[in-house]
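Visitor: I'd like to learn how to read salt bridges in a model. Could you walk me through it?

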Amino acid sequence: MKVGVARETAPGERRVALVPEALARLSQAGWDVLVERGAGAGSLIPDSAYAEAGANVVSTDDLYAAADVVVRVQRPAADEAAKLRSGQALIGLLQPLLAPRVMADLASRGVTAISLDAIPRTLSRAQSMDALSSQANVGGYKAVLMAANEYGRYFPLLTTAAGTAKPANVLILGIGVAGLQAIGTARRLGSVVKAYDVRPETAEQAESLGAQFVRLKTAIDASGTGGYARALTDEEQAAQQQELNGVIAGMDVVITTAQVPGRKPPLLVTGDAVRGMKPGSVIVDMAASALGGNVELSRPGETVVTDNGVTILAPDNLPATMPAGASAFYARNLSALLLHLTKDGNLNVDLSDEIGGPVTITHGGEVVSEAVQKLLDTAPAPAAAGAAGTGA
């Protein structure tokens, strides 16, 4: 069986699905590895490094023609999806809930689509496959560095002959993987860190890293399933927002991390909250995307400076800005999943498996994911059929 590492073509994407260090375990399991020429260039991994690790470096057409499984980071664009053939498998962060019609197109082609963002994250033996967590970890770290770079003052307390610089007050909104990494990174840079989440059980995690957990008088328990917070009702959100605005106003840096795959991110920082902040303050909206963001005034992929001097950063792919580290983590996640799905040297798709079932989106010419099929059943029919692409 052959696994092919495709070159990423999405704008700004510098990660690669597998790194040379990950190839040995796959080879031992019976996989021959093909690497598309230039696949590792964005992560500064030359083709020669893959060749030395035992892979065959091939052209784009040869890769799609020969590979039994094509692995990548992002969902393929239309022209790349068109190269996939019946009986092939595609593995990556496919974001199927954002592109149900693309999944339907892959199913019609006879492609087995397997998505790492559907890993059951609360299952302990799936943690080594949890690419969302590994990439969020990278994002949380980089978000703090971006904020520190943009902030016009010091993060730590400094006493010098020229006087004393006060430490920055940093607020982390959302205490998941990204939020915890952001807390740790901001603390290591010497700032005073506060953190808030609508799930009360996260307080202990934040405090264990040295942050002060913000306890609102209007506190609401929004613990959900699968490790995510549930969406607040309009009444609940209004009740907490006014009090939270007062906390935000006293911060020098605010980093928001609250995301739920396939759904609009919750609004955490309103326009009124931004207008109450001091000039020179910095906000990093990690959730900014085409679906919206945690910050009302953020714009995906852009830097906004408000009339009152607050800088709002909305990076749209933070892990890709640290491609070497992010690719190394992702390669371990993908390799662990692929090895879990390998039986007797072949890809074994078992829909009854507690890991293999949830991650399999299409198989046998059908969309087998109930969540994706539900979206297809409720979505209006397209005006005209089109090729698979990167949109819904």
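**Buried charges**

Guide: Glu80 and Arg72 are both buried (under 20% relative accessible area with a 1.4 Å probe and protein chains only; exposed is over 50%, partly exposed in between). This is a predicted model, where local features need pLDDT of at least 70, side-chain atom pairs count only at pLDDT 80 or more, and totals for chains, interfaces and linings use all residues. Residues are numbered from 1 along each chain as its sequence is written, and side-chain values use heavy atoms, leaving out hydrogens and water.

Visitor: What counts as a salt bridge?

Guide: A side-chain nitrogen of Lys or Arg within 4 Å of a carboxyl oxygen of Asp or Glu. That rule gives 14 salt bridges here.

Visitor: Which residues are linked with Arg72 in a network of salt bridges?

Guide: Glu8 and Glu80 join Arg72 in that network. The closest N and O atoms are 3.3 Å apart for Glu80 and Arg72, and 3.7 Å apart for Arg72 and Glu8. Arg72 lies in strand β4 and Glu8 in the loop between β1 and α1, 64 residues apart. (Helices, H or I of at least four residues, and strands, E of at least two, are DSSP runs numbered from the N terminus.)

Visitor: Is Glu8 buried or exposed?

Guide: Glu8 counts as buried because its relative accessibility is 8%; for Arg72 the relative accessible area is 1%.

Visitor: Where do Lys278 and Asp252 sit?

Guide: Their side chains form a salt bridge, 3.5 Å from N to O. Lys278 is in the loop between α10 and β13, Asp252 in the loop between α9 and β12. Lys278 is partly exposed at 36%, whereas Asp252 is buried at 9%.
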